[in-house]
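The sequence and the structure come first.

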Amino acid sequence: MPNPIIAVVDDMIFISKIRAVAESQGVTVRFLRDRDALFAVAREATPSLIIIDLHSQKVDPMELASLLKADPELKMIQLLGFYSHVETELRNQAEGAGFDRVMARSAFSANLAEILAPL
């Protein structure tokens with residue numbers, strides 16, 4: 001069984017989209033909204049990917065990325081952030097914080113099956 005994916009997403013529409021695609025592909029996605037829970041699950045489950053909504057109101061996505069990339073145990077986990085395409089400065093901040101991939105919401109939605117495909 002492939003490693004799970006962690007998603008830090010507040011928006012119920014995106015949660016539904018991610019959940020539906022993951023179920024259709026047999027991929028496990030853990031939805032978390034708390035930094036401490038994220039780190040605990042990441043250490044326990046070794047996720048293949050962490051998806052973070054850059055507009056999250058529950059966590060600071062840039063701080064989260066910086067902390068994950070600074071942690072020797074977790075820095076190799078791929079981080080993908082998605083954002084509203086009009087927020088180009090947010091994209092630049094995410095890239096600077098250590099996200100491996102940063103995508104507009106429309107591209108994220110359009111490529112979700114590929115993004116969640118088991119490795």
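Which residue in S3 does Val-8 stand opposite? Val-8 stands opposite Ile-52. The model is a predicted one.

## Sheet

The strands form an open sheet of five, in the order S2-S1-S3-S4-S5, with parallel pairing. Strand S2 (29-31) and strand S5 (101-104) are at the edges, and each has a single partner strand, so one side of each lacks a neighbour in the sheet. On average, and with direction ignored, neighbouring strands of this sheet are turned by 20° against each other.

S1 pairs with S3 in the parallel sense over four bridges. Ala-7 is placed opposite Ile-51 in S3. S3 and S4 also run parallel, joined by five bridges. The bridge partner of Ile-51 in S4 is Leu-80.

## Strand S3

S3 is mostly covered, with five of its five residues buried. Leu-49, Ile-51 and Asp-53 point one way from the strand, while Ile-50 and Ile-52 point the other way.

## Helices on the sheet

Helix H1 (residues 12-25) lies across S2 and S4 and runs at about 160° to S2. H3 lies across S1, S3 and S4, running at about 160° to S3.

Which residues of helix H3 (residues 61-70) are buried? They are Pro-61, Met-62, Leu-64, Ala-65 and Leu-68. Seen down the axis of H3, these buried residues fall within an arc of 160°, so they line one face of the helix. In an α-helix there are 3.6 residues a turn, so residues three or four places apart point the same way. The cover over the buried residues of H3 includes strand S1 (5-8), helix H2 (35-45), strand S3 (49-53), strand S4 (78-83) and helix H4 (88-97).

The N-terminal end of H3 is capped by Asp-60, with a side-chain oxygen 3.1 Å from the backbone nitrogen of Met-62.

## Nonpolar cores

The largest nonpolar core has 25 residues. Ile-6, Leu-38, Ile-50, Leu-54, Leu-64, Leu-68 and Phe-99 are those with the most contacts inside this core. Two or more residues come from each of S1, H2, S3, H3, S4, H4 and S5. With neighbours within four places in sequence left aside, the contacts of Phe-99 include Ile-52 and Leu-54, the H3 residues Pro-61, Met-62 and Ala-65, and also Leu-79, Leu-80, Gly-81 and Ala-94.

A second, separate core has 19 residues, among them Phe-14, Ile-15, Ile-18 and Val-29.

Methods
Residues numbered from 1 in each chain as written. Predicted model: local features only at pLDDT ≥ 70, side-chain atom pairs only at ≥ 80, totals over all residues. Heavy atoms only, no water. Buried < 20%, exposed > 50% of the residue type's maximum accessible area, 1.4 Å probe, protein only. Arc of directions from axis to C-beta. Contact = heavy atoms within 4.5 Å. Polar contact = N/O pair within 3.5 Å; in protein donor to acceptor, adjacent residues only side chain to side chain. Pairing = 2+ DSSP bridges. Axes fitted to C-alpha atoms, helices over the stretch in contact; angles between N-to-C directions. Core = buried A, V, L, I, M, F, W, Y, C linked by side-chain atoms within 4.5 Å.
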